[in-house]
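Reader: I am new to reading protein models. Please take one part of this one and walk me through it closely.

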Amino acid sequence: MDQNELKKAVGIKSVDFIKPQMTVGLGTGSTVYYMVEELGRRVQAGLKIQCVTTSTRTWDQAEKLGIPLKKLNDVDHIDLTIDGADEIDKNFQGIKGGGGAHTYEKTVALNSQRNLWIVDQSKMVTTLGQFPLPLEVNPFGCQQLFQRLEKEGLKPAFRIDKQGNNLLTDMKNYIIDLHLGQIKHPHLLADWLDHQTGIIEHGLFLDLVNTVVVGCDDGPKIIENIR
Ligand SMILES: O=C(CO)[C@H](O)[C@H](O)COP(=O)(O)O
(Lines give C-alpha, C1' and ligand atoms only; values in the text may rest on other atoms or scores of the structure.)
Protein backbone atom coordinates (compact mmCIF):
# COMPACT_ATOMS: atom_id res chain seq x y z
CA MET A 1 0.00 0.00 0.00
CA ASP A 2 1.27 3.49 -0.70
CA GLN A 3 1.36 6.19 1.99
CA ASN A 4 -1.99 7.67 0.97
CA GLU A 5 -3.73 4.31 1.15
CA LEU A 6 -2.28 3.77 4.65
CA LYS A 7 -3.52 7.23 5.70
CA LYS A 8 -6.98 6.50 4.31
CA ALA A 9 -7.16 3.13 6.09
CA VAL A 10 -6.32 4.61 9.52
CA GLY A 11 -8.55 7.62 8.93
CA ILE A 12 -11.54 5.36 8.30
CA LYS A 13 -10.65 2.95 11.12
CA SER A 14 -10.37 5.73 13.70
CA VAL A 15 -14.02 6.72 13.26
CA ASP A 16 -14.99 3.47 15.04
CA PHE A 17 -13.78 5.17 18.26
CA ILE A 18 -16.48 7.86 17.94
CA LYS A 19 -19.66 6.95 19.82
CA PRO A 20 -23.12 8.62 19.75
CA GLN A 21 -23.47 11.88 21.72
CA MET A 22 -19.72 12.45 21.92
CA THR A 23 -18.09 15.85 21.57
CA VAL A 24 -15.17 15.17 19.24
CA GLY A 25 -12.05 17.21 18.41
CA LEU A 26 -11.11 17.06 14.74
CA GLY A 27 -7.42 17.50 13.95
CA THR A 28 -5.81 18.77 10.77
CA GLY A 29 -3.89 17.25 7.87
CA SER A 30 -4.10 14.78 5.02
CA THR A 31 -4.74 11.76 7.29
CA VAL A 32 -7.43 13.62 9.23
CA TYR A 33 -8.99 14.52 5.87
CA TYR A 34 -9.93 10.85 5.34
CA MET A 35 -11.24 10.56 8.91
CA VAL A 36 -13.50 13.60 8.44
CA GLU A 37 -14.81 12.24 5.12
CA GLU A 38 -15.77 8.97 6.83
CA LEU A 39 -17.28 10.80 9.80
CA GLY A 40 -19.37 12.84 7.37
CA ARG A 41 -20.74 9.62 5.87
CA ARG A 42 -21.67 8.30 9.32
CA VAL A 43 -23.31 11.59 10.36
CA GLN A 44 -25.35 11.50 7.14
CA ALA A 45 -26.34 7.94 8.10
CA GLY A 46 -27.66 9.17 11.48
CA LEU A 47 -24.71 9.34 13.95
CA LYS A 48 -25.43 12.11 16.49
CA ILE A 49 -22.30 13.95 17.66
CA GLN A 50 -20.87 17.44 17.82
CA CYS A 51 -17.33 18.50 16.93
CA VAL A 52 -14.77 21.22 17.46
CA THR A 53 -12.04 21.73 14.88
CA THR A 54 -8.36 22.67 15.00
CA SER A 55 -8.15 24.71 11.78
CA THR A 56 -10.27 26.58 9.27
CA ARG A 57 -9.35 23.85 6.76
CA THR A 58 -10.99 21.14 8.86
CA TRP A 59 -13.90 23.41 9.80
CA ASP A 60 -14.65 24.07 6.10
CA GLN A 61 -14.45 20.37 5.20
CA ALA A 62 -16.64 19.28 8.14
CA GLU A 63 -19.19 22.04 7.51
CA LYS A 64 -19.63 20.96 3.88
CA LEU A 65 -20.30 17.39 5.05
CA GLY A 66 -23.00 18.54 7.49
CA ILE A 67 -21.05 17.59 10.64
CA PRO A 68 -22.44 19.62 13.60
CA LEU A 69 -19.74 22.08 14.71
CA LYS A 70 -19.16 24.16 17.82
CA LYS A 71 -16.55 26.74 18.76
CA LEU A 72 -14.13 25.51 21.42
CA ASN A 73 -15.36 28.17 23.87
CA ASP A 74 -18.91 26.87 23.51
CA VAL A 75 -18.32 23.28 24.68
CA ASP A 76 -17.81 22.21 28.29
CA HIS A 77 -15.74 19.11 27.48
CA ILE A 78 -14.26 17.11 24.61
CA ASP A 79 -14.58 13.33 24.86
CA LEU A 80 -12.08 12.39 22.18
CA THR A 81 -9.79 14.16 19.72
CA ILE A 82 -8.52 12.43 16.60
CA ASP A 83 -5.48 14.00 14.95
CA GLY A 84 -2.50 13.16 12.77
CA ALA A 85 1.16 13.47 13.76
CA ASP A 86 4.50 13.97 12.03
CA GLU A 87 6.57 11.71 14.29
CA ILE A 88 5.87 9.47 17.29
CA ASP A 89 8.70 7.92 19.29
CA LYS A 90 8.80 4.74 21.35
CA ASN A 91 7.68 6.66 24.46
CA PHE A 92 4.60 8.03 22.66
CA GLN A 93 6.02 11.54 22.48
CA GLY A 94 5.26 13.36 19.27
CA ILE A 95 6.00 16.14 16.84
CA LYS A 96 3.06 17.90 15.21
CA GLY A 97 2.63 21.06 13.19
CA GLY A 98 3.63 19.94 9.71
CA GLY A 99 0.42 21.63 8.63
CA GLY A 100 1.10 24.69 10.79
CA ALA A 101 -1.97 24.07 12.96
CA HIS A 102 -0.24 22.86 16.12
CA THR A 103 -1.28 25.75 18.41
CA TYR A 104 -4.98 25.06 17.96
CA GLU A 105 -4.26 21.32 17.88
CA LYS A 106 -2.46 21.45 21.22
CA THR A 107 -5.20 23.60 22.77
CA VAL A 108 -7.86 21.11 21.73
CA ALA A 109 -5.71 18.11 22.74
CA LEU A 110 -5.04 19.51 26.22
CA ASN A 111 -8.77 19.93 26.72
CA SER A 112 -9.67 16.41 25.57
CA GLN A 113 -10.33 13.44 27.79
CA ARG A 114 -8.70 11.13 25.22
CA ASN A 115 -6.35 11.75 22.33
CA LEU A 116 -6.04 9.37 19.42
CA TRP A 117 -3.43 9.86 16.69
CA ILE A 118 -3.66 8.38 13.22
CA VAL A 119 -0.42 7.88 11.30
CA ASP A 120 1.09 5.76 8.58
CA GLN A 121 3.96 3.49 9.66
CA SER A 122 6.66 5.91 8.40
CA LYS A 123 5.81 8.28 11.30
CA MET A 124 6.86 5.79 13.99
CA VAL A 125 10.49 6.63 14.91
CA THR A 126 13.07 5.70 17.51
CA THR A 127 14.09 9.28 18.29
CA LEU A 128 12.21 12.50 17.48
CA GLY A 129 13.77 15.25 15.40
CA GLN A 130 14.28 14.01 11.89
CA PHE A 131 11.08 15.90 11.08
CA PRO A 132 11.72 19.66 11.55
CA LEU A 133 10.16 20.90 14.78
CA PRO A 134 7.60 23.66 14.04
CA LEU A 135 7.30 26.81 16.13
CA GLU A 136 4.42 29.23 15.69
CA VAL A 137 5.94 32.66 16.29
CA ASN A 138 4.73 36.22 16.64
CA PRO A 139 5.80 38.24 13.55
CA PHE A 140 6.71 41.12 15.93
CA GLY A 141 10.36 40.58 16.79
CA CYS A 142 10.63 37.32 14.88
CA GLN A 143 14.04 38.28 13.40
CA GLN A 144 15.50 38.72 16.89
CA LEU A 145 13.92 35.43 17.97
CA PHE A 146 15.36 33.76 14.86
CA GLN A 147 18.86 34.98 15.77
CA ARG A 148 18.47 33.70 19.32
CA LEU A 149 17.46 30.27 17.99
CA GLU A 150 20.45 30.27 15.63
CA LYS A 151 22.78 31.18 18.48
CA GLU A 152 21.45 28.21 20.44
CA GLY A 153 22.36 25.95 17.49
CA LEU A 154 18.73 25.05 16.80
CA LYS A 155 19.02 25.50 12.99
CA PRO A 156 15.88 27.58 12.40
CA ALA A 157 14.28 28.26 9.02
CA PHE A 158 11.20 30.35 8.29
CA ARG A 159 8.48 28.35 6.56
CA ILE A 160 7.73 29.95 3.20
CA ASP A 161 4.54 29.63 1.09
CA LYS A 162 4.31 29.02 -2.68
CA GLN A 163 4.51 32.77 -3.37
CA GLY A 164 7.77 33.05 -1.43
CA ASN A 165 6.21 34.84 1.55
CA ASN A 166 6.24 33.79 5.18
CA LEU A 167 3.55 31.13 5.62
CA LEU A 168 0.70 32.53 7.72
CA THR A 169 -1.11 30.41 10.29
CA ASP A 170 -4.85 30.67 11.05
CA MET A 171 -3.84 33.23 13.71
CA LYS A 172 -1.75 35.19 11.15
CA ASN A 173 1.52 34.23 12.79
CA TYR A 174 4.68 32.82 11.17
CA ILE A 175 6.18 29.35 11.41
CA ILE A 176 9.86 28.70 12.12
CA ASP A 177 11.01 25.09 11.67
CA LEU A 178 13.96 23.79 13.71
CA HIS A 179 16.11 21.34 11.75
CA LEU A 180 17.48 19.39 14.67
CA GLY A 181 18.13 15.92 13.25
CA GLN A 182 17.44 14.37 16.62
CA ILE A 183 15.93 15.50 19.90
CA LYS A 184 17.60 13.60 22.71
CA HIS A 185 15.73 15.30 25.56
CA PRO A 186 12.27 16.38 24.39
CA HIS A 187 11.09 17.58 27.83
CA LEU A 188 14.16 19.80 28.33
CA LEU A 189 13.78 21.33 24.88
CA ALA A 190 10.03 21.84 25.38
CA ASP A 191 10.71 23.57 28.69
CA TRP A 192 13.26 25.93 27.09
CA LEU A 193 10.95 26.74 24.16
CA ASP A 194 8.03 27.34 26.55
CA HIS A 195 10.06 30.16 28.12
CA GLN A 196 11.06 32.05 24.96
CA THR A 197 9.06 35.22 24.39
CA GLY A 198 7.74 35.34 20.85
CA ILE A 199 7.14 31.60 20.55
CA ILE A 200 3.40 31.14 20.70
CA GLU A 201 3.54 27.33 20.64
CA HIS A 202 5.95 24.59 19.63
CA GLY A 203 5.18 21.27 18.01
CA LEU A 204 6.40 18.96 20.78
CA PHE A 205 3.32 17.11 22.04
CA LEU A 206 4.55 15.36 25.17
CA ASP A 207 2.61 12.98 27.43
CA LEU A 208 -0.56 13.68 25.51
CA VAL A 209 -1.56 10.74 23.37
CA ASN A 210 -3.58 7.77 24.66
CA THR A 211 -4.02 5.68 21.53
CA VAL A 212 -2.24 5.48 18.18
CA VAL A 213 -3.70 3.84 15.09
CA VAL A 214 -0.79 2.99 12.79
CA GLY A 215 -1.30 2.26 9.11
CA CYS A 216 0.69 -0.87 8.23
CA ASP A 217 0.75 -2.94 5.04
CA ASP A 218 -1.26 -5.69 6.72
CA GLY A 219 -3.89 -3.26 8.08
CA PRO A 220 -4.30 -0.64 10.83
CA LYS A 221 -2.75 -1.51 14.22
CA ILE A 222 -4.11 -0.06 17.45
CA ILE A 223 -1.47 0.73 20.09
CA GLU A 224 -2.51 1.84 23.57
CA ASN A 225 -0.20 4.10 25.57
CA ILE A 226 -0.44 2.60 29.04
CA ARG A 227 0.65 5.44 31.36
O1 LIG B 1 0.18 18.41 12.93
C2 LIG B 1 -0.42 18.44 11.88
C3 LIG B 1 -0.91 19.70 11.27
O4 LIG B 1 -0.45 20.82 11.98
C5 LIG B 1 -0.73 17.19 11.18
O6 LIG B 1 -1.54 16.40 11.97
C7 LIG B 1 0.56 16.48 10.85
O8 LIG B 1 1.37 17.37 10.10
C9 LIG B 1 0.31 15.21 10.04
O10 LIG B 1 -0.18 15.56 8.78
P11 LIG B 1 -0.50 14.51 7.67
O12 LIG B 1 -1.62 13.66 8.16
O13 LIG B 1 -0.90 15.36 6.47
O14 LIG B 1 0.74 13.70 7.37
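Into which domains is the protein chain divided?

Author: Start with the model itself. It is predicted. The protein chain averages a pLDDT of 98, and 100% of the residues score at least 70. For the complex, the predictor gives an ipTM of 0.98 and a pTM of 0.97.

Now the domains. Domain 1 covers 3–126 + 206–224, and domain 2 covers 133–200. Their centres, taken over C-alpha atoms, are separated by 24 Å. The two domains touch: 12 residues from domain 1 and 13 residues from domain 2 take part in the contact. On the domain 1 side, helix H4 gives the most, with three residues. Keep H4 in mind.

Next, the sheet. Four strands make up an open sheet, ordered S8-S9-S7-S10, with antiparallel pairing. Strand S8 (156–158) and strand S10 (199–202) are the edge strands, each pairing on one side only. On average, neighbouring strands of this sheet are turned by 30° against each other, direction ignored. In general, strands of a sheet pair through backbone hydrogen bonds, either parallel or antiparallel.

Here is your strand. S7 spans residues 133–137. Take its partners in turn. Strand S9 (residues 174–178) is joined to S7 by five bridges, and the two run antiparallel. S10 pairs with S7 over three bridges, also in the antiparallel sense.

Follow single residues across the sheet. Val-137 stands opposite Tyr-174 in S9. Val-137 also has a bridge partner in S10, namely Ile-199. Leu-135 has His-202 as its bridge partner in S10.

What about the faces? As a general point, side chains in a regular strand alternate between the two faces of the sheet. In S7, Leu-133, Leu-135 and Val-137 lie on one side, with Pro-134 and Glu-136 on the other. Both faces are covered. Five of the five residues of S7 are buried.

Now back to H4. Helix H4 (residues 102–110) packs on the sheet and touches S7 and S10. The direction of H4 makes about 65° with that of S10.

UniProt, in an unreviewed entry, places the feature "active site" at Glu-105. Is Glu-105 buried or exposed? Count its neighbours. A residue needs 20 or more other C-beta atoms within 10 Å to be buried. Glu-105 has 32 C-beta neighbours inside 10 Å, so it counts as buried. Which residues does Glu-105 touch, not counting those up to four places away in sequence? They are Gly-27, Thr-28, Thr-54, Asp-83 and Lys-96.

Tyr-34 is found in helix H2 (residues 30–44). Tyr-34 is buried because 23 other C-beta atoms lie within 10 Å. Leaving aside neighbours within four places in sequence, Tyr-34 is in contact with Lys-7, Lys-8, Gly-11 and Ile-12. Sequence and space can also be set side by side here. Tyr-34 and Gly-46 are 12 residues apart in sequence, and 19 Å apart in space, C-alpha to C-alpha.

S9 and S10 pair with S7, H4 touches S7, and both faces of S7 are covered.

Key
Residues are numbered from 1 along each chain as its sequence is written. This is a predicted model: local features need pLDDT of at least 70, side-chain atom pairs count only at pLDDT 80 or more; totals for chains, interfaces and linings use all residues. Two strands pair if DSSP finds at least two bridges between them. Axes are lines fitted to C-alpha atoms, for helices over the stretch in contact, and angles run from 0 to 180 degrees between N-to-C directions. Two residues are in contact if their C-beta atoms, placed from the backbone, lie within 7 Å. pLDDT is the predictor's confidence in each residue, from 0 to 100. UniProt positions are given in the numbering used here, feature names are shortened, and annotations may be inferred rather than shown by experiment. A residue is buried if 20 or more other C-beta atoms lie within 10 Å of its own, exposed if 12 or fewer, and partly exposed in between; C-beta atoms are placed from the backbone. Domain bounds come from an automatic or database domain assignment.
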